[in-house]
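Reader: I'd like to learn how to read a ligand shell. Could you walk me through one?

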Amino acid sequence: MGEVRTAIGLMSGTSMDGIDIALLRTDGESVVHHGPSGYFPYDTQLRETWKKALITAKAIKQRDERPGDLADAERKLTLCHAAALKSFLLRHKLQSTNIDLIGFHGQTVLHRPDDALTVQIGNGTLLAQETGIDVVYDMRANDMAHGGQGAPLIPVYHAALAANLPAQFDTPAVLVNIGGISNLTFVGDDGTLAAFDSGPGNMLIDQWIEAHTGKAYDKGGETAARGAVVPSLVSRYMESPFFSANIRRSLDRSDFLPPVKGEVSLEDGARTLAHLTGAAILKSASYLPEAVKTYVVCGGGRLNPVIMREFAEQAAKQGAKVIAAEQAGFDGGAMEAEAWAYLAVRSLRGLPLTYPGTTGVTEPVTGGVLARV
Ligand SMILES: Nc1ncnc2c1ncn2[C@@H]1O[C@H](COP(=O)(O)OP(=O)(O)OP(=O)(O)O)[C@@H](O)[C@H]1O
Ligand SMILES: CC(=O)N[C@H]1[C@@H]2OC[C@@H](O2)[C@@H](O)[C@@H]1O[C@H](C)C(=O)O
C-alpha cells in the first residue's frame with residue numbers, strides 16, 4: 001500500500017448548482033476511510049455569473065485565455081471554493097494542517113473534445129494560498145493532450161467502489177452518475193473497465209423548469225409526475241448522432257438544448273425529458289461489452305423519483321435492475337467530490353487517471369497540476 005493521505009475533493013459540476021465537498025483517506029488505490037461530506041449551494045447571483053461565463057468562454061481558442069469577465073469569474077469561483085472549504089473545516093473541527101491535499105475540479109466553461117479543448121476555470125495557486133493546503137487541479141488537460149475525451153474522469157474511482165458492491169446485486173454492474181450530464185462506468189467481472197458520457201442527465205430538465213417557473217430544478221419530480229411522455233420528442237433527441245456515432249464522445253452542456261417553449265406543455269416536457277434521461281443511458285449502455293444486470297445511480301438525478309421510475313421501467317425490459325447508490329452502501333451525493341480527492345492522490349503518486357477504455361486516451365495517463373503552498 002502507498003502512503004495514505006487525507007484529501008479533500010471540491011466539485012462544481014455541470015449543473016452549476018453548488019460546490020460538493022468530501023474528505024477521503026486514501027493511497028489513491030484503496031479507500032481507507034470515507035470522511036464527512038458537504039454541499040455549499042450557489043446563490044442566484046453566482047449562478048448568473050457562471051452562466052455568463054459559459055457564453056464568454058465560447059470565444060476561447062487557447063485554453064489559458066480568459067477573455068472579458070472570465071478572469072473575474074475565475075477569481076470569484078476560486079474564492080467561493082476557499083470559503084466553502086474553510087467553513088467545512090470549521091464545521092468538522094478540522095485544521096488545514098490535518099489535510100494533505102485538495103483535489104480541485106473548478107467549473108467547466110467549455111468542452112470541445114473534437115478540438116482537444118477543455119477549459120475549467122479555477123485558480124489552483126490562489127486556492128493553495130487561500131487555504132494553506134497543496135492543491136491538484138486541471139486534471140482533464142493531460143488526457144486530452146494524449147488523445148482522450150477529457151471526460152469522464154470518475155471511472156477509476158467507480159472501479160475502486162465497485163470492488164465493494166454487495167454480493168446480493170447481480171453483475172456486471174454499471175455505476176451511473178446522473179448530474180447535468182450523465183456518465184457511466186462498466187466494471188466487468190474480469191476487471192474490464194469501460195466508461196463514457198451517456199447523454200443529458202438533469203440539465204435539460206433544469207433549463208426547461210427554469211424557463212417556465214424561474215425555479216432551478218424539478219424538485220422531487222413533481223412537475224414531471226403530472227405530465228405524459230411525448231414519444232416524438234424522445235425520438236427527436238434519440239436521433240442525435242451522439243447515440244449512433246462509432247466513438248463515444250464526451251459532452252458539453254451546449255450539445256443538447258431544451259425543447260422550444262410552447263412546443264409541449266410544461267408538465268409533458270418535464271416528463272419527456274425525465275424519460276429521455278433513462279433512454280439515453282440505456283442506448284449508450286448498448287455499446288458496453290456485456291449486457292448490464294445492475295445500474296447503481298449516483299448524482300442529483302437519483303433524487304428525482306420520476307427519472308428513477310422511468311429509468312427502472314425501461315431497464316427492466318432489458319432484464320436489468322436500477323438502484324440508488326445508497327442501496328449499495330455508497331454515498332451518491334458525495335461520490336464526485338470523493339473522486340476528486342482520490343484523483344488528486346493518484347496524481348501526486350503519478351498513477352494513471354484515465355485509460356483507453358475510459359476516455360479513449362492512447363495509453364493510461366496521469367494528469368493534474370500541483371500547486372504547493
Ligand atoms: N430533490 C431533487 N429532486 C429533483 N432533482 C434533484 C433533486 N436534487 C437534485 N436534483 C437534480 O440534480 C442536479 C444536481 O446534480 P449533481 O450535483 O449530481 O450535478 P453536477 O455534479 O453539477 O453535474 P455533473 O455530474 O454533470 O458535473 C440538480 O440540478 C437537479 O436537477
Ligand atoms: C467536461 C466536464 O466537466 N464533464 C463532466 C460533465 O458532467 C458529467 C459528465 O459531463 C462527465 O464527463 C464530467 O464529469 C464527471 C464528474 C467526470 O469527469 O467523471
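**The shell around ligand 2**

Author: Gladly! The shell residues of ligand 2 split into 7 nonpolar, 5 polar and 3 charged (Ala, Val, Leu, Ile, Met, Phe, Trp, Tyr, Cys and Pro count as nonpolar, Asp, Glu, Lys and Arg as charged, and the others, Gly among them, as polar). This is a predicted model, where local features need pLDDT of at least 70, side-chain atom pairs count only at pLDDT 80 or more, and totals for chains, interfaces and linings use all residues. Residues are numbered from 1 along each chain as its sequence is written, chains are lettered from A and ligands numbered from 1 in the order in which they are written, and side-chain values use heavy atoms, leaving out hydrogens and water.

Reader: How many residues surround ligand 2, and which are the closest?

Author: A residue is near a molecule if one of its heavy atoms lies within 4 Å of it. Here 15 residues surround ligand 2, the closest being Thr108, Arg140, Leu153, Ile154 and Asp197.

Reader: Which polar side-chain atom lies 2.6 Å from an oxygen atom of ligand 2?

Author: A polar contact is a pair of N or O atoms within 3.5 Å. A polar side-chain atom of Asp197 sits 2.6 Å from a ligand 2 oxygen atom.

Reader: How much of ligand 2 does the protein bury?

Author: Accessible areas come from the Shrake-Rupley method with a 1.4 Å probe. Alone, ligand 2 exposes 430 Å², and the protein buries 97% of that.

Notes
A polar contact is a pair of N or O atoms within 3.5 Å; within protein, one must be able to donate a hydrogen and the other to accept it, and residues adjacent in sequence count only if both atoms are side-chain atoms.
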